[in-house]
Amino acid sequence: MLSKAALRLVSAVSPRRMKLLLGLALLAYAASVWGNFVSMRSIQENGELKFESKIEEIIEPLREKIRDLEKSFTQKYPPVKFLSEKDRKRILITGGAGFVGSHLTDKLMMDGHEVTVVDNFFTGRKRNVEHWIGHENFELINHDVVEPLYIEVDQIYHLASPASPPNYMYNPIKTLKTNTIGTLNMLGLAKRVGARLLLASTSEVYGDPEVHPQTEDYWGHVNPIGPRACYDEGKRVAETMCYAYMKQEGVEVRVARIFNTFGPRMHMNDGRVVSNFILQALQGEPLTVYGSGTQTRAFQYVSDLVNGLVALMNSNVSSPVNLGNPEEHTILEFAQLIKSLVGSGSEIQYLSEAQDDPQKRKPDIKKAKLMLGWEPVVPLEEGLNKAIHYFRKELEYQANNQYIPKPKPARIKKGRTRHN
């Protein structure tokens with residue numbers, strides 16, 4: 001019955017209208033299929049977006065690391081002067097990661113020379129020279145000068161040795177080895193390759209002087225068996241070795257007798273007067289003065305010393321030369337000056353005098369002025385302000401790393417087994 005009614009309806013519709021109805025049906029079907037497709041596509045895209053988002057979260061830290069690596073490979077170095085092949089020297093600095101050595105490294109690198117730093121990092125620190133690592137003119141070697149070294153160089157600045165009393169008294173045998181065997185090794189290297197050697201000697205060769213101020217022809221007043229003898233006599237015999245090699249083997253030598261020096265990159269707790277006073281003043285602790293405080297010292301800023309060392313190396317002066325500041329101050333005056341510059345309310349604490357502590361120390365620098373055209377130019381207060389700023393930054397850094405340095409007392413550590 002239903003089928004007959006449908007047949008009558010279809011037969012009543014003209015062919016033209018039939019085609020139109022079929023077309024509409026096909027369009028409705030197509031629209032339905034397309035809607036389903038778009039819906040499925042949207043779901044798929046959302047899933048892909050979530051997946052891509054997860055991948056991005058994982059990859060971003062890797063991208064950061066790659067950017068950091070790229071920065072390290074494209075490190076910006078301090079400005080370096082260009083030198084032609086004939087003017088550029090290959091220079092070795094022993095102890096070049098130390099306080100003075102690192103500043104000397106900076107100057108020679110910026111002057112355009114090729115610099116090799118050798119250090120065993122007993123008192124030197126890599127962070128003092130890390131800003132040069134990767135530069136084509138710079139090389140850092142972890143090596144102890146007590147062992148022979150075989151490299152090709154034109155000049156040798158032999159600075160290797162602990163220089164503050166607590167450090168050189170900590171292991172006196174090692175201090176003696178560094179200043180004797182180490183110096184022999186460097187003189188042997190200078191002889192083999194035809195290099196000029198500059199020995200960083202010290203005002204300690206004068207001991208507790210009976211002549212004031214000290215001139216280069218003064219022989220000194222040294223206790224050969226006292227607690228400071230490992231350093232004092234070590235440097236004295238190092239000077240002897242230099243002139244023996246000069247007379248017997250024709251090695252070109254230069255000897256700088258360095259007086260008290262201060263500035264950035266000093267160890268905060270190395271026991272020297274400057275570092276002790278600044279550290280104690282910044283931390284609000286009593287400034288420790290050994291003895292009456294009437295002992296005198298003459299302090300030079302590190303940049304002045306570096307300029308003097310380079311001038312001496314490139315001069316024709318083979319005899320010893322004093323490098324220091326002739327402006328003399330008592331230890332007590334110096335303590336008061338640092339208190340004032342820091343703005344500290346610290347008190348002065350007097351302790352018993354250290355054994356063999358020199359009572360007077362002042363260089364006569366007429367020879368350096370006449371033959372090198374050198375004299376200190378940085379005023380004491382200007383240099384101290386720079387050192388105080390550096391020490392403040394160091395204290396902030398070390399506080400963030402949960403380490404607060406304490407000044408080392410001027411005494412010998414006893415009863416401890418050491419490997420030499």
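Me: What should I know about the origin of the model and its numbering?
Reply: This is a predicted model in which local features need pLDDT of at least 70 and side-chain atom pairs count only at pLDDT 80 or more, while totals for chains, interfaces and linings use all residues. Side-chain values use heavy atoms, with hydrogens and water left out, and residues are numbered along each chain as its sequence is written, starting from 1.

Me: What span does α6 reach from its first C-alpha to its last?
Reply: The expected span of a helix is 1.5 Å times one less than its number of residues. For α6, which has 21 residues, the expected value is 30 Å, and the span in the model is close to that, at 28 Å.

Me: Is Arg 228 buried or exposed?
Reply: Arg 228 sits in the loop between β5 and α6, and its side chain joins that of Glu 204 in a polar contact of 3.1 Å; such a contact is a pair of N or O atoms within 3.5 Å, where within protein one must be able to donate a hydrogen and the other to accept it, and residues adjacent in sequence count only if both atoms are side-chain atoms. Buried means under 20% relative accessible area, exposed over 50%, and partly exposed in between, with a 1.4 Å probe and protein chains only. Because its relative accessibility is 8%, Arg 228 counts as buried.

Me: Which elements do the buried residues of α6 pack against?
Reply: Among the buried residues of α6 are Ala 229, Tyr 231 and Met 241. With contact taken as heavy atoms within 4.5 Å, the buried residues of this helix pack against α4, α5, β5 and β6.

Me: How many residues apart in sequence are the parts that Lys 174 and Asp 144 tie together?
Reply: A salt bridge is a side-chain nitrogen of Lys or Arg within 4 Å of a carboxyl oxygen of Asp or Glu, and Lys 174 and Asp 144 form one at 2.4 Å, N to O. Since Lys 174 lies in helix α5 and Asp 144 in the loop between β3 and β4, the pair ties together parts that are apart in sequence by 30 residues.

Technical notes. Helices (H or I, at least four residues) and strands (E, at least two) are DSSP runs, numbered from the N terminus.
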